[in-house]
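Subject: A structure for you to look at

Hello,

I am passing a structure on to you, with some notes on what turned up in it. Please open it first and keep it beside you as you read.

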Amino acid sequence: MLEGWVILLVSFGYLCLLFAIAYYGDLRADRGRSLITPAVYSLSIAVYCTSWTFYGSVGLASQSGLSFLPIYLGPTLTFVLWWFVLRKIIRISKRNRITSIADFISARYGKSGVLSGLVTVIAVIGIMPYIALQLKAVSVSFNVLLQYPDVATPAATATVPWLADTAFYVAITLAAFTILFGTRHIDASEHHEGMVCAVAFESIVKLLAFLAVGLYVVFGLYDGPGEISAAALADPDLAPLLTLNNLGQYGQWMSMTLLSMAAIICLPRQFQVTVVETTDERHLHKAVWLFPLYLLAINLFVLPLGLAGRLTFPDGSVDADTFVLTLPMLGQQEALTLFAFIGGLSAATGMVIVATIALSTMVCNDLIMPVLLRLPALQASERGELTGLLLGIRRAAIVGLILLGYLYFRYIGESYALVSIGLISFAAAAQFAPVIIGGLFWRGGTRAGALTGLSLGFLVWAYTLLLPSLAQSGWLPAGMIEDGPLGLGLLRPYALFGLEGLDHITHAVLWSLTANIFGYLIVSLQTRQSPVEQIQAHAFVSVLRTAGPYQGLGYWRGSITVADIRALVGRYIGHERAEREFAAFASANGLSLEAGEAADARLVGFAERVLAGAIGTASARGVIGSAVKGEVLGMDRVMEILDEATQIREYSRRLEQKSRQLELTTAELKAANERLKELDRLKDDFLATVSHELRTPLTSIRSFSEILYDTPAIETGERQQFLDVIIKESDRLTRLINQILDLAKMEAGRMDWNLADLDPGGVIVDSLNATRGLIRDNEVQVDVDLPGWLPPVTADRDRLIQVLVNLISNAVKCCARPQGWVHVSAKVRGRWLRVDVVDNGPGVPPESREQIFEKFHQIGGALPAAQPGTGLGLAICRQIIQHFGGRIWVEGAPGDGATFSFTLPIRPTEDTRAAAQ
Amino acid sequence: MALSVLVADDEPNIVLSLQFLMNQAGFDVRVARDGEEAIAMIEERVPDLVLLDVMMPKKDGYEVCQTIRNNAAWKDMRIIMLTAKGREVEREKGMAMGADEYITKPFSTRYVVERVKQLLGA
């Protein structure tokens with residue numbers, strides 16, 4: 001018979017055995033002969049498998065087949081594929097004496113007290129359901145066992161007054177044992193080797209118990225796995241559990257796998273055993289395969305047990321979460337039932353002990369210490385030891401945490417299955433993943449970004465998972481789940497913003513992690529890091545590239561004495577231990593420890609790290625800061641200097657930016673000035689040239705006028721010649737003035753153009769008629785080659801004639817003597833009319849072919865002396881042709897001559913349009 | 001023997017007027033159409049005075065002036081520069097090159113003849 005007292009006695013005896021193991025483990029550690037081997041380390045990580053695994057997985061498998069698996073697939077993936085992340089976290093934590101996950105995150109983001117506080121709050125609220133889950137499991141299993149040999153599910157505990165509630169006593173007992181395990185040591189250091197040994201032992205017990213039950217059920221109750229699966233396949237309700245064909249589950253599988261990958265790092269208790277309690281980084285090598293192997297072993301019988309449970313209790317009268325107990329009970333296996341109960345107890349107590357120790361450290365270091373440190377009694381001037389106070393706080397925190405878990409269990413947890421409760425906690429812990437992974441590999445993550453990401457993720461988690469759990473338990477109106485708060489459908493916690501069709505956990509994970517990651521990234525990119533943040537970010541991200549303990553805390557330059565700082569550290573870790581630690585550090589680094597001497601910067605940095613091991617990074621920074629504050633170069637001053645340096649750097653960065661802008665502006669101004677100068681010079685040159693061109697004919701006119709005036713007796717022939725010069729030069733002057741005005745108008749865009757559709761052939765003939773006299777005088781032969789019909793062009797007739805006359809005149813004046821010839825032709829080239837004027841004169845040298853279209857550019861001797869040009873003709877031609885949308889240029893001609901050509905766009909007529917199409 | 005004057009200018013009508021004026025004043029006149037021709041004619045027979053236009057093809061008046069002043073054999077030659085460029089800097093440049101006189105176009109014919117006579121001591 002399994003009487004109540006028997007169960008209690010065995011349970012109590014088992015807990016005492018655990019304590020004995022822990023005691024022995026601590027004893028060995030004190031003597032320097034640690035029991036922590038790679039195997040023990042790996043087994044301690046198996047604290048991951050709680051009563052959720054032990055009882056809950058079977059329950060889940062009996063309902064939905066293999067969907068319990070992702071929870072173990074995730075950690076396996078993390079350990080096998082992502083072991084380097086774990087290694088990096090461990091390396092960093094060892095160098096910085098990290099005490100908890102809150103401490104780790106806070107240390108990465110500038111040793112922020114606010115951040116570690118936030119992480120602690122999230123962890124406490126998030127893990128509370130998880131602790132409740134263990135209490136529920138223990139009390140339910142105890143109550144089930146009490147009814148032995150009757151197999152029945154006991155009444156819900158909420159109806160029982162709490163003084164009669166088994167779970168309450170379970171909670172009290174667990175709190176007492178946790179205090180014994182976790183805070184037995186006076187020096188409050190970060191290692192609990194005894195606890196690790198006990199947890200490893202528990203891992204063995206729960207595995208063996210589970211395997212024993214599995215073997216008994218599969219091979220005792222049934223005739224091997226073949227019979228169970230055959231029976232299950234024959235049952236239409238159970239057959240689907242053996243297949244993976246439910247498409248809707250893939251999203252859930254993904255999210256569960258992801259969630260558990262994060263959980264194996266981010267759950268405070270996993271961080272505690274995997275990172276904080278590590279004595280040797282190399283142990284990870286074994287854990288990388290041993291831990292996944294453990295997971296595989298403990299999951300072997302989950303599905304068979306679930307199926308066997310369903311087959312054995314087809315009416316559903318027995319809670320599936322209790323199959324591990326009820327199946328052996330059914331077989332009247334007294335000892336096996338008790339063993340199974342002890343296995344479940346192991347799974348539950350292991351979790352509660354480690355989780356509450358981890359959380360109490362966080363609560364003490366990151367919530368309570370920062371407040372206490374502000375009290376005058378704790379100021380640096382006081383001498384009394386504080387280790388007692390620290391332990392007191394932690395013990396109180398342990399009791400508080402377990403009681404919180406109990407309250408959650410009693411008032412909320414009843415309405416949920418074990419697995420659902422656990423997943424709520426997983427989702428909370430997963431909120432730490434972005435800031436941890438980001439902090440490990442991305443130097444740009446800032447404190448503000450981490451605060452934002454965590455806060456957002458936590459709020460969304462609370463809204464989509466915690467709030468509904470309160471509502472379902474009747475603490476909030478149930479209507480808010482169905483219709484949303486105040487009837488706002490978009491804000492339904494299980495279908496936020498209309499996202500439906502996902503299970504609650506996947507839905508919550510999706511929203512909370514999205515908010516978390518985006519908040520973290522965006523705010524990080526928008527904010528700047530303080531100096532301490534920069535130092536820490538560098539130390540974290542490049543930890544694998546830097547050798548030896550991290551020395552980056554050299555910014556302590558206050559002149560505290562060796563005696564003072566040792567006393568300060570001693571208050572928190574015990575004077576004796578402080579003495580030992582300091583002596584070891586001094587001898588290793590060749591430092592002197594004269595009591596009255598000023599402490600070396602390295603020693604102060606070391607003191608901070610030692611202190612961080614006891615009270616956390618952020619608090620340690622505060623304590624050392626306030627101690628050094630009273631001295632010449634206090635923490636604030638040093639930080640000020642660092643901040644100043646940052647400001648100066650920022651200032652100089654801005655200055656550099658400004659000076660670059662100035663340089664750029666100066667260069668632009670210089671260029672503009674050069675352009676202006678150039679324009680000015682051009683204008684000056686133009687005026688000088690115009691003046692020269694005007695003065696030249698004027699000189700002749702004046703000279704001959706004076707000569708005629710002064711010489712009345714001049715011969716008639718000469719008089720005639722001189723008067724002729726005066727008239728011609730006056731003409732030239734007039735022409736020049738007109739051209740200058742024309743050009744000025746064209747350049748200023750004020751020319752009046754009389755545009756019309758012109759027949760190019762007619763214009764060419766008219767131009768030739770206008771130059772007939774010149775042609776005759778020069779005895780030049782002019783050929784014209786025009787096709788029968790030319791398409792019309794749009795131009796100003798007079799201006800086009802001006803261009804042609806100019807080109808023909810130039811050709812006539814320049815061509816060879818005595819046998820000069822000029823050839824004028826027009827033809828259509830694509831959409832262009834092209835006119836060529838070819839002569840057999842001296843030609844234009846290639847280097848001058850561009851320049852001759854510029855104002856007053858005359859190449860020496862181009863025109864015969866008797867027929868000078870104004871130097872503006874070709875410039876005007878170019879202006880005119882360009883205005884009509886064409887191009888004018890000069891090339892060589894066969895022989896020595898020149899070919900002046902221009903093009904004009906053909907006006908699109910119906911014909912050409914049709915041709916174009 | 002008459003004093004000789006060389007007129008160097010590329011503007012035919014201006015040359016025509018100066019030729020007439022110098023002949024009228026009783027000088028032996030020769031004409032060059034550009035800078036190189038002017039140097040060639042000086043080398044052929046050294047004139048007593050050159051009426052030198054600044055803007056000429058091939059070699060401008062400044063270059064011709066410099067060439068003359070760099071040759072010791074021609075140190076007695078008088079140079080009057082004529083220019084249609086009105087700027088003061090041009091005048092200074094011409095005087096610095098060693099010209100005896102710098103006259104801006106359009107000029108007074110009487111003044112030119114007077115200055116030529118003065119410089120030649122006629």
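What share of the contacts in chain B with a separation of 6 or more comes from residues 24 or more positions apart? The figure is 61%, where a contact means two residues whose C-beta atoms, placed from the backbone, lie within 7 Å.

Before going further, please note that this is a predicted model, in which local features need pLDDT of at least 70 and side-chain atom pairs count only at pLDDT 80 or more, while totals for chains, interfaces and linings use all residues. Residues are numbered from 1 along each chain as its sequence is written, and chains are lettered from A and ligands numbered from 1 in the order in which they are written.

Chain B

Five helices and five strands make up the secondary structure of chain B, and from the N terminus they follow the pattern β-α-β-α-β-α-β-α-β-α. Helices (H or I, at least four residues) and strands (E, at least two) are DSSP runs, numbered from the N terminus. Chain B has 122 residues, and 42% of them count as buried, meaning that 20 or more other C-beta atoms lie within 10 Å of the residue's own, with C-beta atoms placed from the backbone. The average pLDDT (the predictor's confidence in each residue, from 0 to 100) of chain B is 86, and 98% of the residues score at least 70.

Where the chains meet

For the complex, the predictor gives an ipTM of 0.93 and a pTM of 0.59. The contact involves 21 residues from chain B and 19 residues from chain A. On the side of chain B, helix α1 (residues 12–24) supplies the largest share, seven residues. That side of chain B consists of 10 nonpolar, four polar and seven charged residues. Here Ala, Val, Leu, Ile, Met, Phe, Trp, Tyr, Cys and Pro count as nonpolar, Asp, Glu, Lys and Arg as charged, and the others, Gly among them, as polar.

Cores

A nonpolar core is a set of buried Ala, Val, Leu, Ile, Met, Phe, Trp, Tyr and Cys residues joined through C-beta atoms within 7 Å. The largest one has 201 residues, and Ile105(A) and Cys266(A) are among those with the most contacts inside it. Helix α16 (residues 334–372) of chain A gives the most to this core, 22 residues. Apart from it lies another core of 39 residues, including Val793(A) and Phe884(A).

A sheet in chain A

Five strands of chain A form an open sheet in the order β2-β4-β5-β7-β6, with mixed pairing; two strands pair if DSSP finds at least two bridges between them. At its edges are β2 (781–785) and β6 (887–892) of chain A, each pairing on one side only. Strands β4 (residues 821–829) and β5 (residues 832–839) of chain A run antiparallel and are joined by eight bridges. One bridge partner pair is Val828(A) with Leu833(A) in β5(A).

A covered helix

Enjoy exploring it!

Technical notes:
Buried ≥ 20, exposed ≤ 12 C-beta atoms within 10 Å, placed from the backbone.
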